[in-house]
Amino acid sequence: MVTWRAVPAHDELHRDGESLVLVDGRVQRVSALGTAVRELAAQPVGEDVLARMLEERFGAPPTGDLLTLTRAALADLVRAGLLERLED
Amino acid sequence: MAASDIVPLHVLGTDVDLHVGGHRTPHLVQVLRDRWHLCLRADGTPTSAEPPQVVGATLLEPDAAPGASATSDPAAAPGWARGDSVSDSDEPRLLQRLTQSVTYAAIGARSGELLMLHAAGLADPVTGATAAFVAPGNTGKTTLCRTLGPARSYVSDETVGVRRDGTVTPYPKPLSTRRPDWAGVKDEQAPGSLGLRAPEVTPWLAGVVLLRRVEGHRGAPEVEELDVLDAIMAITPESSAFMRTERPLHWLADVLDRTGGARRVTYGEVGELEPLVGEICGRRSPW
């Protein structure tokens with residue numbers, strides 16, 4: 001089973017839902033959606049569960065499929081080095 | 001090494017000794033004492049139990065290649081904390097390189113302890129309220145100090161070091177000024193020769209401004225308030241060793257919250273910043 005987990009940050013600052021995350025000596029600004037994903041993935045979590053929790057927090061996406069949009073957000077965060085994909 | 005060949009400095013709250021050797025040593029010692037007069041340790045004794053950082057300074061014979069090894073490296077003797085050594089046959093270039101080496105040594109020594117902003121700092125001479133003007137190199141910090149500094153205390157034209165309690169440790173180094181007659185080499189000018197004085201009271205951070213000088217900018221400076229996340233994203237590239245401090249993002253956010261947030265100022269002529277400097281240096285301490 002594939003799960004997702006936030007990469008531990010050296011420091012993380014939250015304001016108004018958004019955040020700055022310091023990982024590997026680099027500061028990145030993370031959107032409200034990305035910030036929520038990292039919060040919800042503090043412990044390994046599957047994408048289905050994550051998608052439902054995001055929907056509870058932000059409501060249904062106005063356009064597009066919830067799971068597809070969640071996967072896109074996960075991919076963005078992985079590319080940024082802020083999330084890791086775990087496989088059993 | 002003879003004590004007379006050591007120029008003892010105290011910069012960014014740490015001791016740095018310049019060990020002078022090579023060609024015309026007494027002359028170079030005097031030049032360094034003149035240029036660094038606001039950073040000299042009065043009696044040359046250490047200010048802490050930590051051994052001083054050591055930077056060697058060697059003026060080579062006129063025909064020697066820059067960077068060539070001196071016959072005896074002034075920073076190579078045993079027992080010194082850490083050594084960097086600069087040698088050059090061209091005096092202005094040697095002075096410029098020495099300034100850079102002193103800066104690196106001091107920043108290295110304070111790494112993990114200070115919030116070190118790449119900034120010009122001017123302080124109110126009575127209260128110590130300090131305005132920090134953050135900017136990359138060659139974009140107006142030294143000009144700001146030369147122009148607006150004589151009525152105030154000169155904290156630095158290079159690095160403003162902030163302690164956790166909001167006080168600022170000065171770095172009133174020689175001012176590095178570009179000269180058109182020396183291609184690529186800056187003239188290291190003694191602050192006193194430009195009417196600048198070191199702080200006589202402990203400076204404390206009163207405000208942070210990001211400078212953006214635009215050639216040909218007309219009218220009054222444009223001031224943009226930055227939200228804290230944008231401000232931190234803009235400031236961190238202009239900081240030194242900041243990421244090695246404990247919870248750096250929270251520290252910087254706290255600094256900005258206490259001092260009214262950061263502003264980005266777009267301007268053409270540095271004289272137009274006088275009201276802004278006056279406003280920040282007139283503040284009461286939030287610390």
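Colleague: What covers the buried residues of H5(B) in this predicted model?

Modeller: The cover includes S2 and S3 of chain A, together with strand S5 (115–123), strand S8 (159–162), strand S12 (204–213) and helix H4 (228–235) of chain B. Helix H5 (residues 248–258) of chain B lies across S2 and S3 of chain A, and runs at about 40 degrees to S2(A).

Colleague: Which residues of H5(B) are called buried, and what makes a residue buried?

Modeller: A residue is buried if 20 or more other C-beta atoms lie within 10 Å of its own. In H5(B) the buried residues are B:Pro248, B:Leu249, B:Leu252, B:Ala253, B:Val255 and B:Leu256. Because they cover an arc of only 160 degrees around the axis, they are on the same side of H5(B). Just after H5(B), B:Gly260 takes a positive phi of about 85 degrees.

Colleague: How many residues of chain A are in contact with chain B, and what makes two residues a contact?

Modeller: Two residues are in contact if their C-beta atoms, placed from the backbone, lie within 7 Å, and with that cut-off eleven residues of chain A are in contact with eleven residues of chain B. The elements of chain A that give two or more residues to this side are strand S2 (11–15), strand S3 (18–23) and strand S4 (26–30), and the largest share, four residues, comes from S2(A). The residues of the side of chain A that touches chain B divide into four nonpolar, two polar and five charged.

Colleague: Why are S2 and S4 of chain A called edge strands?

Modeller: S2 and S4 of chain A each pair on one side only, in an open sheet of three strands with the order S2-S3-S4 (chain A) and antiparallel pairing. Neighbouring strands of this sheet are turned by 15 degrees against each other on average, direction ignored.

Colleague: How do you know that S2(A) and S3(A) pair?

Modeller: Pairing asks for at least two bridges between the strands, and S2(A) and S3(A) pair in the antiparallel sense over five bridges. The bridge partner of A:His14 in S3(A) is A:Ser19.

Colleague: Why is H1(A) called roughly perpendicular to H3(A)?

Modeller: The axes of helix H1 (residues 32–40) of chain A and helix H3 (residues 66–79) of chain A come within 10 Å and cross at roughly 85 degrees. Angles of 65 to 115 degrees count as roughly perpendicular, and therefore H1(A) is roughly perpendicular to H3(A). The contact is made by A:Leu33, A:Gly34 and A:Val37 of H1(A) and by A:Ala73, A:Leu74, A:Asp76 and A:Leu77 of H3(A); these residues divide into five nonpolar, one polar and one charged.

Methods
Residues are numbered from 1 along each chain as its sequence is written. Chains are lettered from A and ligands numbered from 1 in the order in which they are written. This is a predicted model: local features need pLDDT of at least 70, side-chain atom pairs count only at pLDDT 80 or more; totals for chains, interfaces and linings use all residues. Ala, Val, Leu, Ile, Met, Phe, Trp, Tyr, Cys and Pro count as nonpolar, Asp, Glu, Lys and Arg as charged, and the others, Gly among them, as polar. Axes are lines fitted to C-alpha atoms, for helices over the stretch in contact, and angles run from 0 to 180 degrees between N-to-C directions. A residue is buried if 20 or more other C-beta atoms lie within 10 Å of its own, exposed if 12 or fewer, and partly exposed in between; C-beta atoms are placed from the backbone. The arc is that of the directions from the helix axis to the C-beta atoms. Angles under 35 degrees count as roughly parallel, over 145 as roughly antiparallel, 65 to 115 as roughly perpendicular and the rest as oblique.
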